[in-house]
Amino acid sequence: MPLSDAAIRRVKATEKQQKLSDGGGLFLLVHPNGSRYWRWKYRVNGKEKLLGMGIYPEVSLAKAREAREDARRLLASGVDPSEHRKAATASRTVADGESFEVITREWLAGRPWVPAYGKKVIAWFEKDVFPYIGARRARDLKASDFLQVARRMEAREAFESAHRVMQNCGQVMRYAVATDRAERNPVADLRGALVPAPEKNHAAIVDPVQLGGLLRALHAYHGTPVVQAALKLAPMVFVRPGELRQAEWAEVDLDAAVWSIPAARMKMRQAHIVPLARQAVEVLRELQPITGHGQYVFAGGRTDKRPMSEVAVLAALRVMGFDKDTVTGHGFRATARTLLDEVLGYRPDIIEHQLAHAVKDPNGRAYNRTTHLVERTRMMQQWADYLDRLRVGDVVPLRPDQAA
């Protein structure tokens with residue numbers, strides 16, 4: 001039964017310690033000397049822990065309940081309230097600019113990431129790192145401190161995220177070293193210590209016969225003209241789904257058959273050129289009377305002020321009966337990478353350039369966006385021709401020297 005202030009006031013101290021439960025793990029501990037302490041009992045990874053909530057009557061019953069709910073919210077988000085309190089206490093003793101959290105936020109501010117990915121990284125730090133080591137001086141952190149952070153993530157089977165968080169922590173520590181706020185990067189000592197992340201690839205069709213069936217389904221889809229166009233273009237241009245749906249007419253030159261994606265919208269923050277095959281230009285010319293008056297090539301259904309939904313292509317694939325283990329919007333990239341190499345015989349570096357992956361010359365310098373553009377243009381036309389042949393059931397491959 002929940003406590004009341006009247007019930008608490010009626011309790012007299014005895015020779016033995018008394019425990020008055022309020023429910024939800026909160027209880028009042030009455031000592032023989034009459035002092036009364038609020039405590040909250042909870043469990044983390046199967047281990048029982050206690051968190052002090054203050055002294056009664058300085059902390060009233062209502063305040064203790066508020067503190068319990070705050071702690072429960074932290075626990076629900078994956079943060080141990082005890083560790084969170086330790087970090088908050090320690091933060092008051094660390095000089096400004098020396099804590100791992102301050103250095104991390106400074107480092108994050110300079111990352112050239114697309115906004116969506118930047119938010120994801122910040123969320124990782126705020127949930128899994130800052131509550132435990134954020135308030136400590138970067139120069140005082142050891143490999144074991146970072147390993148404990150990773151182990152907490154592994155306990156909930158977030159193995160891939162643990163690897164990515166540790167990679168980011170290592171970059172923060174290198175930044176701390178470069179700015180004279182740490183002597184070395186201890187994260188480097190974790191090599192081989194983390195649970196291996198399971199391999200996870202985007203579902204993709206790489207069998208030519210199956211791909212032909214998918215292409216026939218895409219061309220037969222009876223949805224809106226915008227989604228129809230996106231479905232036809234996605235396999236031809238094999239850009240990332242976000243890059244496709246946010247395409248703007250100002251970036252497309254149909255006469256020159258080129259789509260120039262600005263650096264701000266690319267994952268690696270480098271401008272990218274997509275040569276448009278004849279078939280891709282035809283799809284865009286058919287769509288232009290419908291959305292060409294607005295900003296976005298694939299305008300949203302309710303307003304042309306925003307691009308179509310990020311799940312529009314995926315939802316269409318599901319409606320056509322293709323499940324998540326068969327094909328995804330991102331999987332068209334894997335399809336192109338595999339078949340351009342294994343069937344059409346194009347050099348891997350040419351393919352990687354067109355995938356907008358980081359490709360460097362022998363001296364370690366990144367190539368610019370126009371590198372191998374003539375060859376990439378030829379490849380994109382031959383790829384579109386090959387897709388057309390698959391769609392009508394002709395699976396005999398062409399050679400690279402048989403360009404259209």
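Start by selecting Asp128: at 4% relative accessibility it counts as buried (under 20% relative accessible area; exposed is over 50%, partly exposed in between, with a 1.4 Å probe and protein chains only). Before you go on, note that this is a predicted model, where local features need pLDDT of at least 70, side-chain atom pairs count only at pLDDT 80 or more, and totals for chains, interfaces and linings use all residues. Residues are numbered from 1 along each chain as its sequence is written, and side-chain values use heavy atoms, with hydrogens and water left out.

Arg156 sits in the loop between helix 6 and helix 7 (159–178) and Asp128 in helix 5, so the pair ties together parts 28 residues apart in sequence (helices are DSSP runs of H or I, at least four residues, numbered from the N terminus). Arg156 is partly exposed, at 38% relative accessibility.

Next, jump to Arg378 and Glu375, another salt bridge, with closest N and O atoms 3.1 Å apart. They're three residues apart in helix 15 (residues 373–391), about one helical turn. Both count as partly exposed, Arg378 at 30% and Glu375 at 27%.

Then try helix 11 (residues 278–291), where Glu282 and Arg278 lie four residues apart. Their salt bridge has its closest N and O atoms 3.7 Å apart.

Last stop: select Asp22, Arg65, Arg68, Glu69 and Arg72, and you've got a network of linked salt bridges. The structure holds 26 salt bridges.

How values were computed
A salt bridge is a side-chain nitrogen of Lys or Arg within 4 Å of a carboxyl oxygen of Asp or Glu. Helices (H or I, at least four residues) and strands (E, at least two) are DSSP runs, numbered from the N terminus.
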